[in-house]
Amino acid sequence: MEPQLAPASESTPADAAASPDQLRALHQDYDYSNFYSGMGSDPFDMLAPFDEWWSWARPAGYYLFGQPMLSAPTTRVDIRETKNGTRAEGLVNLASYNYLGLSYRPEVIEASIEATRKFGLGASGSPILSGYLSLHEELVDKLARFKAKKGVLLFPTGYAANLGIISGLMRPGDLVVADQFAHASIVDGIILSKAKARFFRHNSAEDLDRKLSGFSGKKLVVVEGVYSMDGDLANLPEIFEVSRRHGARIMIDEAHSGFLFGENGRGVAEHFGLDGEIDVHMGTFSKSLGGMGGFVAGSAELINYLRGFARPRVFSCALAPGIVAGLIRALEIVVAEPELRQKLHENVDFMQKLLRNAGVDVGESASQVIPVLIRDDRRIFSIVEELMRGGVYLNPIRYPAVGKHRSRVRLSISAAHSEAQLEEAAGVIIRVLRRNGLCQ
Amino acid sequence: MSVTRYHFAHAVNAFFEMPSGVAGKLLPGHLQPLELRHDSAIFAVTAFDFTDSLVGAYQELVLAVIVPPMVKAGGVFPKSAFFPFLLGTSTEASRKHAIARWHLPHHMADIDLDFDVSKDGVQILVHESDKPILDMQISVHDWTIVDQLYQCFMIDADKRYKVDIHMQGRFTEHEEESGSLKLHPHAMTANLSPERIATYPFREMWMRDGLQTFEELESI
């Protein structure tokens with residue numbers, strides 16, 4: 001049913017002062033993108049308008065981002081609801097990246113405590129100076145063996161890894177072509193490198209071919225193994241073929257696929273049988289290993305070069321000893337317990353079936369990242385509030401993190417979830433969507 | 001304050017990615033392109049079907065680059081700001097009016113816009129006699145009634161102008177990337193590097209049965 005427009009008023013728009021209701025309506029139409037850029041003479045010009053909007057926007061739904069978690073990010077969590085100061089207890093947690101449940105494994109925690117006792121809180125130096133501890137060396141060696149690569153370089157975060165790899169390799173006048181859904185760290189790496197940037201239509205080898213055409217200099221193609229907002233896999237075989245045909249190097253960001261996909265858990269590159277063909281393998285420790293940090297794996301020459309030129313690593317303190325020791329133990333568990341990956345994929349299949357069978361729109365997801373597409377920027381916050389009241393912890397995702405009216409809640413499935421927990425959560429999601437007319 | 005009103009049946013608007021370098025060449029020195037992402041500016045195509053105005057009914061094609069708006073605390077934020085670098089209209093009277101009153105640059109021959117409207121979307125074919133200019137197609141999301149503010153920037157020799165434009169009507173928008181654009185070789189598309197412009201919109205917008213109100217022209 002299309003709404004009917006009231007007859008146009010004879011008063012001019014400028015005649016009427018905005019009433020509180022009109023202001024509320026205006027604020028509802030605003031989002032972060034309105035405050036990103038505006039002409040003026042003072043860098044602080046945006047601060048007051050942003051504050052004005054935020055004082056409305058936060059209680060209207062933005063408070064749902066970054067509410068304090070009062071427990072470890074296990075499969076059930078307690079959250080302090082900042083809107084009313086209450087404590088929501090025992091929510092099924094579908095919001096954390098803890099894909100293998102390793103962040104709270106007792107042996108991981110013990111390893112971290114022991115290393116902190118021995119080495120102290122921080123590394124107290126850049127990894128190129130005094131910050132490279134024997135623990136870092138051990139993690140590098142074990143990770144290189146796991147990835148079956150000649151070399152590995154550690155970074156303080158996944159963001160820093162992408163920044164360091166791309167800006168370490170590419171220069172002004174070079175070309176980086178990335179999938180349009182590439183993570184912000186990939187985009188920022190391109191900006192830092194000052195190379196030319198082109199973005200190809202998501203997973204389209206045909207558009208990649210178009211974007212690579214007519215450029216004769218150094219070229220790097222960047223894709224992600226699993227896309228973090230949609231949970232679909234890179235169309236790697238076709239993208240690889242096109243990249244090679246154009247003489248481009250190819251880099252894969254396995255932040256959401258490393259330690260999960262492929263026979264040995266090396267990632268989506270291994271899943272497609274292209275592990276030995278991809279030039280640059282990037283990964284993170286904050287998702288499947290439940291810690292923090294990032295890394296690049298590749299040839300000895302690549303690692304040797306980036307060691308000198310990846311500035312975000314050179315000019316940051318090395319990863320903390322407690323984190324590194326926990327990561328070593330977590331990696332050992334990944335190697336020793338391949339059944340963890342198996343359990344994760346079973347959980348993913350189970351949850352995907354529950355949702356799809358109920359008519360829930362989960363897009364093209366083929367992984368543990370499952371978007372539940374709401375496609376309504378106006379209702380996404382109230383739907384997440386309903387989900388929390390129903391006992392499920394999820395974060396809203398809306399424009400500009402995704403396209404306008406491509407809003408969603410994003411489920412992160414873990415191997416640690418029980419089927420009963422997934423059934424409980426799916427039941428709540430389906431009930432809330434039905435109440436809102438979003439599934440049968 | 002005197003305002004100028006234009007009633008329309010359709011205002012169909014879509015945003016396409018274009019290289020920032022190409023966009024920069026279409027802008028005067030005091031304006032910068034707003035970037036969707038690094039090195040990627042926004043090319044806006046708008047097709048109007050005006051039903052009533054000071055110069056009667058006519059159709060109009062607006063080719064523009066999206067730029068940052070001028071903002072101030074306590075004011076209403078524009079939905080977007082744009083610099084129209086070329087317009088085409090279906091009547092001489094509408095061209096003369098827009099050039100004289102708003103300093104808008106025009107293709108100086110009559111063009112026609114065919115609106116093929118369906119429940120799911122609209123297709124627009126723009127042509128000058130039998131010479132095609134562009135084909136654009138968009139689809140719909142939910143309809144809602146809106147009153148939106150836009151900022152339009154213009155130049156005339158060394159003079160710079162801005163006008164606030166209010167758009168009221170039934171409105172739908174989304175970013176499902178389901179539309180399309182084909183630019184044909186024509187004088188109106190000659191400066192665009194069509195091979196560098198996306199063939200699908202990242203944002204699709206359509207306003208129906210609405211009112212466009214121009215406030216007074218401001219020198220800036």
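Predicted model: local features only at pLDDT ≥ 70, side-chain atom pairs only at ≥ 80, totals over all residues.
Visitor: Where do I start? How many bridges join strand β4 (residues 175–179) of chain A to β6(A)?

Guide: There are 4 bridges between β4(A) and β6(A), and these strands run parallel. Strands pair if DSSP finds at least two bridges between them; strands (E, at least two residues) and helices (H or I, at least four) are DSSP runs, numbered from the N terminus.

Residues are numbered from 1 along each chain as its sequence is written, with chains lettered from A and ligands numbered from 1 in the order in which they are written.

Visitor: Which strand does β6(A) pair with over 5 bridges?

Guide: That's strand β7 (residues 249–253) of chain A, again in the parallel sense. Find V222(A) and you'll see its bridge partner in β7(A), M251(A). To get from β6(A) to β7(A), the chain passes through helix α8 (residues 236–245) of chain A in a right-handed β-α-β crossover (strands pointing away from you, the path from the first strand over the helix to the second runs clockwise).

Visitor: Why is β6(A) largely enclosed by the rest of the structure?

Guide: In a regular strand, side chains alternate between the two faces of the sheet. Here, 6 of the 6 residues of β6(A) (residues 219–224) are buried, so the rest of the structure largely encloses this strand. Buried means 20 or more other C-beta atoms within 10 Å of a residue's own, with C-beta atoms placed from the backbone (12 or fewer is exposed, in between is partly exposed). K219(A), V221(A) and V223(A) are covered on one side, and L220(A), V222(A) and E224(A) on the other.

Visitor: Is V296(A) buried or exposed?

Guide: V296(A) is buried, because it has 27 C-beta neighbours inside 10 Å. You'll find V296(A) in strand β9 (residues 294–298) of chain A. Beyond neighbours within four places in sequence, its contacts (C-beta atoms, placed from the backbone, within 7 Å) include L153(A), I165(A) and M282(A).

Visitor: Which domains is chain A divided into?

Guide: An automatic or database domain assignment sets the bounds: domain 1 (62–93 + 338–435) and domain 2 (106–336) of chain A. Their C-alpha centres lie 27 Å apart. Domain 1 of chain A gives 16 residues to the contact and domain 2 of chain A gives 11. On the domain 1 side, α13 (339–357) and β10 (369–373) of chain A each give two or more residues.

Key
Contact = placed C-beta atoms within 7 Å.
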